[in-house]
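Student: I would like to go through this model one residue at a time. Where do we begin?

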Amino acid sequence: MISHTAMNRQREILVVEDEPDLRQLLKRRLETEGWIARAAGSGEAALHMLSTQAFDLVLLDIMLPGIDGIEVCRRLRAVGDFTPVIMLTARSTEVDRVLGLEIGADDYLTKPFSLRELVARVKAMFRRLDNLELASSARERVISLGDRISIDPSAREVRVEGRVVALTHKEFELLVHFARHPERVFTREQLLDAVWGYTHEAYEHAVNCHINRLRAKIERDPGSPELISTVWGVGYKLSRPAE
């Protein structure tokens with residue numbers, strides 16, 4: 001897993017898009033914001049670049065020739081690479097967007113999207129990364145959820161029954177946010193604002209998918225969660241484990 005701790009350096013972004021004109025447009029637009037942008041035109045090229053270089057963010061088109069974006073994201077997460085991924089999709093159904101989130105993407109944008117919206121999402125992602133890095137340098141105390149789960153915000157480490165569990169950036173942020181506010185009920189909109197840095201009704205699936213993945217990693221029985229429960233008609237809350 002690649003770690004980025006130098007907050008004062010330029011952020012580096014990998015743009016994975018098979019349409020040459022759009023690929024160059026995205027690259028140029030990101031560079032005008034002061035970021036370093038690299039580009040790949042296929043899933044194979046993206047995987048090679050990600051295996052040899054550290055990036056702070058990947059903009060990943062789903063519909064790629066050969067290895068598609070879903071498989072690229074799946075392979076990254078399978079080897080413990082949790083570089084943030086924003087998926088770009090032109091497909092009209094929600095199936096591929098939800099699948100992308102379920103296998104580890106952090107966010108998604110549906111084509112056609114505005115460059116302003118893209119830049120806003122990237123900035124929100126980097127603000128969250130900066131906050132995480134500040135928390136790491138501040139050496140926050142370890143948060144315990146009963147005797148099963150411990151969360152070390154500074155080390156970005158979660159242990160379940162003594163075993164380290166790998167979480168994506170958004171999964172980790174969600175868990176820390178819940179753990180800092182036990183028993184408080186959050187709507188999906190509030191969680192989007194707190195963890196993703198924006199609120200948009202159409203992206204509530206991102207919250208649902210990330211909570212489902214988080215439950216699968218920390219709950220004894222994800223089908224009957226004891227920690228992160230659904231408050232029907234409202235949202236979600238984290239319950240204090242019984243002593």
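Predicted model: local features only at pLDDT ≥ 70, side-chain atom pairs only at ≥ 80, totals over all residues.

Student: Is Ser 114 buried, partly exposed or exposed?
Tutor: Buried means under 20% relative accessible area, and exposed means over 50%. Ser 114 has 39%, so the residue is partly exposed.

Student: How many disulfides does the structure hold?
Tutor: Cys 73 has 0% relative accessibility and is buried. Cys 209, at 5%, is buried. A disulfide requires cysteine sulfur atoms within 2.5 Å, and the number in this structure is zero.

Student: Which strand holds Ser 229, and is the residue buried or exposed?
Tutor: The strand is E11, residues 228-231. Its contacts beyond four places in sequence include Arg 215, Tyr 236 and Lys 237. The relative accessible area of Ser 229 is 17%; the limit for buried is under 20%, so Ser 229 is buried.

Student: What is the strand order in the open sheet of three strands?
Tutor: Strands of a sheet pair through backbone hydrogen bonds, either parallel or antiparallel. Here the pairing is antiparallel, and the order is E10-E12-E11. The edge strands, each pairing on one side only, are E10 (186-187) and E11.

Student: Which helix packs on that sheet?
Tutor: The helix touches E10, E11 and E12. Its direction makes about 70° with that of E12. The name is H6, residues 169-180.

Student: How many bridges join E11 to E12?
Tutor: Strand E12 covers residues 235-238 and runs antiparallel to E11. Thr 230 stands opposite Tyr 236 in E12. The bridges joining E11 and E12 number four.

Student: How many aromatic pairs are there?
Tutor: Ring centres must lie within 6.5 Å for a pair. The count comes to two.

Student: Are the rings of Trp 35 and Phe 126 stacked or edge-to-face?
Tutor: Their centres are 5.5 Å apart. Planes over 60 degrees apart count as edge-to-face. The planes of Trp 35 and Phe 126 meet at 80°, so the pair is edge-to-face.

Student: How many residues apart in sequence are the parts that this pair ties together?
Tutor: Trp 35 lies in the loop between helix H1 (20-32) and strand E2 (36-40), while Phe 126 belongs to helix H5. Both residues are buried. The separation is 91 residues.

Student: What is the angle between the planes of Phe 178 and Phe 186?
Tutor: Both Phe 178 and Phe 186 are buried. Their ring centres lie 6.1 Å apart, and the pair is edge-to-face. The angle is 70°.

Student: How far apart are the C-alpha atoms of Val 160 and Ser 150?
Tutor: Val 160 is in strand E8 (residues 157-160) and is buried, with a relative accessible area of 5%. Beyond four places in sequence, Val 160 touches residues including Arg 148, Ile 149 and Val 165. Val 160 and Ser 150 are ten residues apart along the chain, and their C-alpha separation is 6.8 Å.

Terms used: Residues numbered from 1 in each chain as written. Heavy atoms only, no water. Buried < 20%, exposed > 50% of the residue type's maximum accessible area, 1.4 Å probe, protein only. Helix = DSSP H or I, 4+ residues; strand = E, 2+ residues; numbered from the N terminus. Contact = heavy atoms within 4.5 Å. Pairing = 2+ DSSP bridges. Axes fitted to C-alpha atoms, helices over the stretch in contact; angles between N-to-C directions. Phe/Tyr/Trp six-rings, centres within 6.5 Å; stacked < 30°, edge-to-face > 60°.
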